Amino acid sequence: MKSFRLGTMFVAGLLLAPGHSFSQELSSPQVVRTLDRLEGAAPAIDIAVLVEEAATSAGKGMAALPDWQKLSKLSQLIVEIDFENDSIAIEPKSYRTVGMIADALHHPNLRRYKFLVVGHTSSTGDAKHNLDLSQKRANAITEALSTTFAVAPDRLFAIGVGEEWPVDPANPKAADNRRVQLVNLGLVK
């Protein structure tokens, strides 16, 4: 069985210090518990601003940008989804994981929330290419969730951050860095 990184994380902290996550088997109940930890009202997140900041900061770092720091207050989950190097095709063995995520998003505790799907890459290409690829990977996950698994598309937002936050900073070209992250953005309005 494949191991997955699961845990509440902070964009400015945990993504830069991946030792805070832990490996264990992923299950829908664990996804629900992790993503349902939204305390109080979620800060207003402008997805368009995040996309713009990602595009202008590719290769320069974005963790310290104010709009990205707002995400640190939100429930988050790192999930390993396997993609071939330089590809947006989700490997068949990862569809089980995408299905478990979908099951969790259909759970009554999470059905009222919207989610940001953040795509990540390894550093095997240039920063601009990796940013584009990570956006396409995030789009691929949101498309699979909405078309194959019937998660309402108005609950899902995709963004790519390229190689900005490797899970394995000592080995930025490692396959583990090709992953997605789910962020609970708060109530659907």
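I began with helix H4, residues 95–106: its 12 residues reach 16 Å from first C-alpha to last, close to the 16 Å expected at 1.5 Å a residue. The expected span is 1.5 Å times one less than the number of residues. I took helices (H or I, at least four residues) and strands (E, at least two) as DSSP runs, numbered from the N terminus.

The model is predicted, so I noted the limits: local features need pLDDT of at least 70, side-chain atom pairs count only at pLDDT 80 or more, and totals for chains, interfaces and linings use all residues. Residues are numbered from 1 along each chain as its sequence is written, and side-chain values use heavy atoms, with hydrogens and water left out.

**Confidence.** I looked up pLDDT, the predictor's confidence in each residue, from 0 to 100. The chain averages 78, and 79% of the residues score at least 70. Over residues 1–24 the pLDDT is below 50, yet this stretch has 70 contacts in the model beyond near neighbours in sequence. A contact means heavy atoms within 4.5 Å. Where pLDDT is low, the predicted coordinates should not be read in detail.

**Burial in H4.** I listed the buried residues of H4: Thr97, Val98, Gly99, Met100, Ile101, Ala102, Ala104 and Leu105. Buried means under 20% relative accessible area, exposed means over 50%, and partly exposed lies in between (1.4 Å probe, protein chains only).

**Strand S6.** I then turned to S6, residues 180–187, where 7 of the 8 residues are buried. Which strands pair with S6? Strand S3 (residues 76–79) pairs with S6 in the antiparallel sense over 4 bridges. Strand S4 (residues 113–119) also runs antiparallel to S6, joined by 7 bridges. Two strands pair if DSSP finds at least two bridges between them. I checked one partner for each: Leu77 bridges to Leu182 in S6, and Phe115 bridges to Asn184 in S6.

**Leu74.** I found Leu74 in the loop between helix H3 (66–69) and S3. Leu74 has a relative accessible area of 2%, so it is buried. Leu74 and Leu35 are 39 residues apart in sequence, but 8.5 Å apart in space, C-alpha to C-alpha.

**Thr121.** This residue sits in the loop between S4 and helix H5 (127–148). Is Thr121 buried or exposed? Thr121 counts as buried because its relative accessibility is 3%. The side chain of Thr121 reaches the backbone nitrogen of Glu163 at 3.4 Å. Leaving out residues up to four places away in sequence, I saw that Thr121 touches several residues, among them Asn130, Leu133, Arg137 and Asn177.

Notes: Polar contact = N/O pair within 3.5 Å; in protein donor to acceptor, adjacent residues only side chain to side chain.
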